[in-house]
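I opened this notebook to record what I looked up in one structure.

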Amino acid sequence: MPDRIVALSVGFPGVCRVLEEGEKLGLWRFIRLEDGTPIPPADVFIFGAWNPDYNNLIQVLREHHPKAKIGVLWTSSSGEVGFEPMEQAWLAGVIRASAIDFVWFGHSALAKLFPEKGFFAPYPLCLEPMPALGTRDGDYFTLCVPQTVKKNIVGQLTAASIIQTMRPDLKLMTNIEVPRMFHDRLRFAQVGWLLRPEYDVLMRGSVLNLHCTWAETFGYQPAEAALMGIPSVTSATIPWAHADQMATPNDPEGIAQIARHLMSKTSEEVRDRMVSWARQANAILRQRLESL
């Protein structure tokens, strides 16, 4: 018997996270193409984002599985595509390609822009096993993001310095390389990219997490923090965020004010709101996949 859905991707970290979460929920089988794992038969093949190397593999799948549907999971929002001209060209090619039957967008606006192939569905988030709640007893807060323009690095570091005027006891723990302009204006420690056990320990002791970015389709980093009970300041680009945790990325003072408010939230409240959203999103995604 073929698998109902097989997801395939090269090693894009954000894309692979979506596909890993869906596999945990039993929505599909996920194969990392660089691992060299044989691709089994399936009714539906979903490619993670886009890589030109997919073209040859799609041709092979069409020859060997002519009745299967082939689609693309497009994980960039319209804002993220705006930051990356190459992605604009790739997306246009995906929409034009006759070999691609559908495009799953994680951003509803792009699904409306390309209704001939596109549909919107939220991303999966596995809730089992539930992580232990954080202690939030550390003397620090966190900023753990890739060092890219869309992550609003300077804006969030400026906000961090303002947070420290309100809470001088708090140090910023971050994976990014902090620009020199902040070195004598911000108390911080760089932790680099941590292994998962070390990262979990760091997050569970944090009193607050920053993720107020310019463009997202989901935001797994603040979502996993929320499942530990750690609140995050976000922007409105995060689909599951509540109004009381959203700030304008270009307003560091506003980010700091939201941060002060969130530090009073209980860990249970932070987690419960995330769990409620994820259960609904997982159900919607499952229903949408059944129609493929």
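The entries below begin with the model itself and go on to pockets, the cavity and ring contacts.

**Entry 1: the model.** I note that this is a predicted model, in which local features need pLDDT of at least 70, side-chain atom pairs count only at pLDDT 80 or more, and totals for chains, interfaces and linings use all residues. Residues are numbered from 1 along each chain as its sequence is written, and side-chain values use heavy atoms, with hydrogens and water left out.

**Entry 2: the largest pocket.** I searched for pockets on a 1 Å grid over the protein atoms alone; a pocket is an open set of points with protein on both sides within 12 Å along at least five of seven lines, and lining residues have an atom within 4 Å of a point. A volume is the space filled by probe spheres set on the points, which are joined across faces, edges and corners. The largest pocket holds about 1,300 Å³ of space. I listed 45 lining residues, with Pro13, Gly14, Val15, Pro146 and Lys151 nearest the centre.

I then asked which helices contribute to this lining; helices (H or I, at least four residues) and strands (E, at least two) are DSSP runs numbered from the N terminus. At least two residues each come from H1 (13–24), H3 (78–83), H4 (85–96), H7 (196–205) and H8 (220–227). H1 has the largest share, seven residues.

**Entry 3: the cavity.** A cavity is a set of grid points where a 1.4 Å probe fits but cannot get out. I counted one cavity of 30 Å³ or more. The largest cavity has a volume of about 120 Å³. Of its 13 lining residues, Ala226, Trp240, Gln245, Val270 and Arg273 lie nearest the centre. H10 (267–290) gives the most to this lining, three residues.

**Entry 4: aromatic rings.** Rings of Phe, Tyr and Trp (its six-membered ring) pair if their centres lie within 6.5 Å; planes under 30 degrees apart count as stacked, over 60 as edge-to-face and the rest as tilted. I found 10 aromatic pairs in the whole structure. Phe102 and Phe119 form a tilted pair, 5.9 Å centre to centre with 40° between the planes. Phe102 is in strand S5 (residues 102–105) and Phe119 in strand S6 (residues 118–120), so this pair ties together parts 17 residues apart in sequence.

I checked burial next (buried is under 20% relative accessible area, exposed over 50%, partly exposed in between, with a 1.4 Å probe and protein chains only). Phe102 is buried at 5%, and Phe119 is buried at 7%. Phe105 and Phe114 form a stacked pair, 6.2 Å centre to centre and 20° between the planes; both residues are buried. Ring pairs also link Trp28, Trp104, Tyr123, Phe218, Tyr220, Trp240 and Trp277 into a cluster.
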